[in-house]
Amino acid sequence: MALHTQQSLSGFIASDPQQSITENGDTRFYVRIGQPHFRREDDGSFSELEPSFHDLVTYRATADRAFARFAKGDSFVAEGYVRTFQVERDGAIIEREEFVAKKIGHDLARTNYDVDRSRRTGPAVEQAVPDALASRRPALVRDESSALGL
């Protein structure tokens, strides 16, 4: 089976997160994001350049979780796609783009955090996996000492 890939984006949250409701009644999460840029110098060092700024959105349950967990200044990694669209501004049609994040999380290379491995309430993630794939899932290790062979 082919490896499924999508576009990815990393950067930092540059604005305060905004939450709204779409015409369809879905939750929408919106932020301006920044992407740092660097230039490699002849001596092998790097010079930091001005960041570029872009729009990022996500919808539904991911939007709810992102709004609860992200704040201005947080570093993130996201998976999704770029959507282009046109808007009218001052009588002129302008081409815009935004990154639509299907998945988003904090960048562990730049963020200190603790992982909560307690089970979520509501539908279990395991139930979403078809039975044919269930036999290929690794067993969960519940006791650290058994994982170490002690």
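Is Leu-108 buried or exposed in this model? Leu-108 is exposed, with a relative accessible area of 64%, where exposed means over 50%, buried under 20% and partly exposed in between, taken with a 1.4 Å probe and protein chains only. The structure is a predicted model, in which local features need pLDDT of at least 70 and side-chain atom pairs count only at pLDDT 80 or more, while totals for chains, interfaces and linings use all residues. Residues are numbered from 1 along each chain as its sequence is written, and side-chain values use heavy atoms, with hydrogens and water left out.

**Overall fold**

- The protein chain contains 3 helices and 6 strands, which are DSSP runs numbered from the N terminus (H or I of at least four residues for helices, E of at least two for strands).
- Along the sequence, these elements follow the pattern β-β-β-β-α-β-β-α-α.
- Of the 150 residues in the protein chain, 21% are buried.
- Among contacts (heavy atoms within 4.5 Å) with a separation of 6 or more, 52% are between residues 24 or more positions apart.

**Surface**

- The protein chain exposes about 11800 Å², of which carbon and sulfur atoms supply 49%; accessible areas come from the Shrake-Rupley method with a 1.4 Å probe, and for residues only the protein chains shown count as cover.
- Leu-108 lies in the loop between strand S6 (92-106) and helix H2 (131-134), and together with Tyr-113 and Val-115 this residue forms a nonpolar patch on the surface with about 330 Å² of accessible area.
- Patches are made of residues with over 30% relative accessible area and no salt bridge, with like charges joined within 9 Å and nonpolar side chains (Val, Leu, Ile, Met, Phe, Trp, Tyr) within 5 Å.

**Salt bridges**

- The count comes to 7 salt bridges, each being a side-chain nitrogen of Lys or Arg within 4 Å of a carboxyl oxygen of Asp or Glu.
- Glu-98 forms a salt bridge with Arg-28, with the closest N and O atoms 4.0 Å apart, and this pair links distant parts of the chain, since Glu-98 is in strand S6 and Arg-28 in strand S3 (residues 27-40), 70 residues apart.
- Glu-98 counts as buried at 5% relative accessibility, whereas Arg-28 counts as partly exposed at 23%.
- Asp-55, which is buried with a relative accessible area of 6%, meets Arg-32 in a salt bridge of 2.9 Å, N to O; that pair links strand S4 (residues 46-59), which holds Asp-55, to strand S3, which holds Arg-32, across 23 residues.
- Asp-55 also meets Arg-96 in a salt bridge of 2.6 Å, N to O, and because Asp-55 lies in strand S4 and Arg-96 in strand S6, the pair ties together parts that are 41 residues apart in sequence.
- Salt bridges that share partners also join Arg-28, Arg-83 and Glu-98 into one network.

**Buried parts**

- The buried residues of helix H1 (residues 60-69) are Thr-62, Ala-63 and Ala-66, and they line one face of the helix because they fall within an arc of 100° seen down the axis of H1, the arc being that of the directions from the helix axis to the C-beta atoms.
- These buried residues of H1 pack against S3, S4 and S6.
- Ser-75, found in strand S5 (residues 75-89), is buried with a relative accessible area of 14%.
- Leaving aside neighbours within four places in sequence, Ser-75 is in contact with residues including Gly-11, Phe-12, Phe-70 and Asp-107.
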